[in-house]
Amino acid sequence: MDHEAVKGLATRSAGRRRRGGTSKTFWRRIREPLAQSRFVKNAIASLFAQFVRLIRLTNRVVDGSTQMSGGAYRQFEPGIIALWHGQHLLTPAYYPKGRQLVAMVSRSADAELNALMLERFGIEAVRGSGGRQNSKHLDKGGAKALLALKKSLAAGKNVAMIADIPHGTPRDAGLGIVLLARLSGRPILPAAIATSRRKVLERSWDKTTINLPFGRSSIVVGAPVFVPADADEAKMERKRQEVTAALNAATAEAYRLVDGSK
């Protein structure tokens with residue numbers, strides 16, 4: 001290769017690097033304003049809601065699933081619907097219409113999209129994090145959120161709460177949801193939704209599952225877990241372990257139904 005050819009190649013390569021650098025610089029400049037844009041957030045939330053509705057419409061609910069529209073669980077309402085991180089995304093589309101639901105949503109910026117999406121389904125969002133290891137040391141936001149959920153239960157509304165702790169041990173319940181059950185006197189209902197077609201994000205801490213259309217789906221609600229009002233620390237820990245076991249069992253059953261049904 002002669003000198004002029006090498007020079008030309010180097011010039012073109014430098015040009016591509018400059019264009020690539022310019023693109024990255026441009027994206028960095030607009031990324032933050034876009035992230036703060038209410039219009040953009042609402043547009044993304046609306047698209048997400050439509051996608052979740054598509055999943056519900058194109059995934060036949062298999063035999064053996066819990067009939068949420070029936071009366072089997074009405075005796076336990078208002079109740080605390082327990083879900084795992086990364087497995088909860090379809091809940092708004094499968095929740096029965098006409099029944100009030102209040103969901104706890106993290107106060108993180110990313111979770112704001114989830115809160116906006118819930119609004120599209122008529123579900124009220126309470127911002128906070130209740131899945132703490134120690135029920136005596138809830139942060140201010142988490143304590144306020146639990147009190148808001150307690151009031152919702154007293155008003156006859158079901159509530160939904162992620163049981164495990166954000167970026168903690170996945171599929172291991174924290175004490176926050178157990179504390180809410182003790183304070184409110186209402187049962188915890190371990191619930192899981194699964195689809196036969198799905199993509200698991202293996203690198204995510206909670207193995208987030210992206211559900212896909214045109215397959216089968218299942219919904220499983222396990223046996224209620226009651227927490228007595230006078231539960232001491234040891235009893236609370238046993239109930240926490242009971243919630244963990246019940247929610248893992250519901251999740252395993254939901255996947256068994258969609259993966260084993262034809």
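Let me begin with a pair of helices: α2 (residues 38-58) and α4 (residues 111-119) pack at an angle of about 60 degrees, their axes lying 8 Å apart. The axes are lines fitted to C-alpha atoms, for helices over the stretch in contact, and the angles run from 0 to 180 degrees between N-to-C directions. The crossing of α2 past α4 is right-handed; that term applies if the near helix is turned clockwise from the far one by less than a right angle. On the α2 side, R38, K41, N42, I44, A45, F48 and A49 take part, and they meet E112, L113, L116 and M117 of α4, a contact being heavy atoms within 4.5 Å. By class, this contact holds 7 nonpolar, 1 polar and 3 charged residues. Here Ala, Val, Leu, Ile, Met, Phe, Trp, Tyr, Cys and Pro count as nonpolar, Asp, Glu, Lys and Arg as charged, and the others, Gly among them, as polar.

A word on provenance. This is a predicted model, in which local features need pLDDT of at least 70 and side-chain atom pairs count only at pLDDT 80 or more, while totals for chains, interfaces and linings use all residues. Residues are numbered from 1 along each chain as its sequence is written, and side-chain values use heavy atoms, with hydrogens and water left out.

Turning to the chain as a whole, the protein has 7 helices and 9 strands. Helices (H or I, at least four residues) and strands (E, at least two) are DSSP runs, numbered from the N terminus. Of its 262 residues, 44% count as buried; buried means under 20% relative accessible area, exposed over 50%, and partly exposed in between (1.4 Å probe, protein chains only). Among contacts between residues at least 6 apart in sequence, 74% join residues at least 24 apart.

Next, the salt bridges. How many does a search of the whole structure find? The search finds 9, each defined as a side-chain nitrogen of Lys or Arg within 4 Å of a carboxyl oxygen of Asp or Glu. Two of them involve helix α7 (residues 233-260). E242 pairs with K239, the closest N and O atoms being 3.1 Å apart. These two residues are 3 apart in α7, so about one helical turn separates them. E242 is partly exposed at 33% relative accessible area, whereas K239, at 12%, is buried. In the other bridge, E253 meets R256 at 2.9 Å, N to O, and this pair also lies 3 residues apart in α7, about one turn of the helix. Both partners are partly exposed, E253 at 28% and R256 at 49%. Elsewhere, salt bridges that share partners join R74, E77 and R99 into one network.

Most residues other than glycine have a negative phi, and most peptide bonds are trans. The bond from E77 to P78, however, is cis, with omega near -5 degrees, and P78 sits in the loop between β1 (59-61) and β2 (80-83).

Where does R171, with its positive phi near 55 degrees, lie? R171 is in the loop between β5 (158-162) and α6 (176-184), and is partly exposed at 29% relative accessibility. K207 likewise has a positive phi near 55 degrees; this residue is found in the loop between β7 (198-200) and β8 (209-211), and is partly exposed at 36%.
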